[in-house]
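Hi,

Here is the structure I promised to pass on.

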Amino acid sequence: MKIVVCIKQVPDAKTVRFDTEKGTLVREGVEAVINPFDLNAIEAGVQLKERHGGEVTVVTMGPPQAEEALKEALALGADNGILLSDRAFAGADTLATTYTLAKAVERLAPVDLVLCGKQAIDGDTAQVGPGLAVRLGIPYVTCVSGLSFGDDQKTLRLKRSCEEGYDMVEVEIPALLTVLATINTPRVPSLKGKLRAKKARIPIWSADDLGADHGMIGLAGSPTQVVSTSVPKFEAKREMLQGTPEEQVDALLDRLEEAGIL
Amino acid sequence: MAKVNYFLSEEQQMIVDLTRQIAEEKIIPVRAELDKTEEFPWDIMKDMAQADLFGLYIPDEYGGLDGGCFENCLAVEQLAYGCVAVTTTFAASALGGYPILLFGSEDQRKQYLPDIAAGKKLVAFGLTESNAGSDAAGIQTSAVEDGDYWVLNGTKQWITSGGEAEIYTIIAMTDKHKGPRGASAFIVEKGDPGFSFGKKERKMGLRASSTRELLLNDCRIPKERLLGRRGLGFIIALKTLDLARPGIGAIAVGLAQAALDQAVRYAKERIQFDQPIISFQAIQHMLADMATEIEASRALVYSVARTIDSGEKDIAKLSAMAKLYATDAAMKVTTDAVQILGGYGYMQDYPVEKMMRDAKILQIYEGTNQIQRNVIGQALNKEYAKK
């Protein structure tokens, strides 16, 4: 089974800071890490490989330093990493990103399963997974929190989380899944994996390697643009309700009514 | 902030980073709970196995990573930053594994080391008995030859990972009248006939680690489970302890560093008399002594470990120094950390009281610090006699 996992490097949420003047993230001095949901996608891919055999290839689009993320993925059990890096990819929105990733997955064909994290924690769009599946012409299931193969090794049984519970769905491969953090606990990397990753050479694919249409990638292929960003102000009020439990409950009901919530 | 440059190789730095990651992600979030419930940390052992840590000191040909005493020290220092009990469980497997690595026949190594390196089987080291602690020559457990078997009888006490480990290296008397030269080392496996476990001890600290009696009651094991030669038991035990002691020093360094980090952070946040208490010299001087002693311990432990890995054979004194100095420092540092946190430090809501309880065992196990001083003193006596 050939599994492709698409990942993204994001600023480490633990160290991230905001420039309130400019309304942007401060990226200087902030470590880039693999998007947390993507770690779950890698783990899901590696577990499937361990259970059913096959090969896990991790793909990311990004600057040359994104090689680090791919090496980390190798240390976590992936077999190969491919970096899509080209100045022409810069400024891509989700539409251009899905095009670029689709070109890479097509180049890796035949692929049985594509895994993505539910969303990246920087952009938070959750569009790339589904967009990529549409480009590839394969079915997709989002928000997967559990998966197993049927006896035929062709049908995946999936638990898809939704607001009021979960659905059990089946999908035939080839397919694309986006996964939630609850699907598994990503393993810690292994020392042997890290040593292997250190020596590994990560191939870099350019726009021309992919045979990409330059009008579809990077800024040129991106109809959406971020016009402005701002740091939200937190203006939450805090009020301590006093009195007996009954009095506090009455006071709380009053407040909720005043706020139009009840 | 400048850190002391210990000139770690890229691989060694990798070990540090990975074990620190395990400490922060897998150990610290559960350490208080494990301490409370005394639950054996199987989940964390599985994570460590997955990360290849059990193979650190084992040669490549048996599935290990070919590291030495230094690599082992780097790993346990960071793990102990998270929890000494969990780290002791990990380190005990190396303590039990060293005799097989150092003195095992090729067949024994091939049979046991790959599973140990992969973390599939934990190992325990069985030397101590109720009447044989610092005076290891008081061992009463006996092993008698019976055809193609050895028959072991006796009780081992306070054995780390007892009951949880699959493989046990056990020291027993084969020729009582020969004294120390009458001891031999054996490999006993969980499930061997006549081998069972006594009660699980309840301890002041080190609570997530399992400490039990090993009961050998006409325990019959095949002849080829003898390690090394008959009569080599004490040599095997001493060589094993010499190699393992810098690791205890490293555990002490990791623990003390964790206590210092807690103390400094608290001292910066705690306001009394309208200022953070770190602005008081009384606190600053305590913190300064703690930090200095930790760095001195680390430097000593690393230097001794590297000396061992360079092939030096006469390591008893150096190894005792590394264990002695670093563990005494850890006891002092953790006690002072509790003092700096004051009433909060004494409460179980903060981690330093556990650190202080855990520190105490480091001065006791793998040879009390009094025994370490004996080893150092006797070595000095010998050294100066030669001159």
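The second largest cavity is lined by B:Arg31, B:Ala80, B:Tyr81, B:Gly82, B:Cys83, B:Val84, B:Leu255, B:Ala258, B:Lys354, B:Met355 and B:Asp358. A cavity here is a set of points on a 1 Å grid over the protein atoms alone where a 1.4 Å probe fits but cannot get out, and lining residues have an atom within 4 Å of a point. This one holds about 40 Å³ of space, the volume being what is filled by probe spheres set on the points, which are joined across faces, edges and corners. At least two lining residues come from each of α4, α7 and α10 (352–362) of chain B; helices are DSSP runs of H or I, at least four residues, numbered from the N terminus. By class, its lining has seven nonpolar, one polar and three charged residues, with Asp, Glu, Lys and Arg as charged, Ala, Val, Leu, Ile, Met, Phe, Trp, Tyr, Cys and Pro as nonpolar, and the others, Gly among them, as polar.

This is a predicted model: local features need pLDDT of at least 70, side-chain atom pairs count only at pLDDT 80 or more, and totals for chains, interfaces and linings use all residues. Residues are numbered from 1 along each chain as its sequence is written, and chains are lettered from A in the order in which they are written.

As for the largest cavity, its volume is about 70 Å³.

Cheers

Note on methods: Side-chain values use heavy atoms; hydrogens and water are left out. On a 1 Å grid over the protein atoms alone, a cavity is a set of points where a 1.4 Å probe fits but cannot get out, and a pocket is an open set with protein on both sides within 12 Å along at least five of seven lines; lining residues have an atom within 4 Å of a point.
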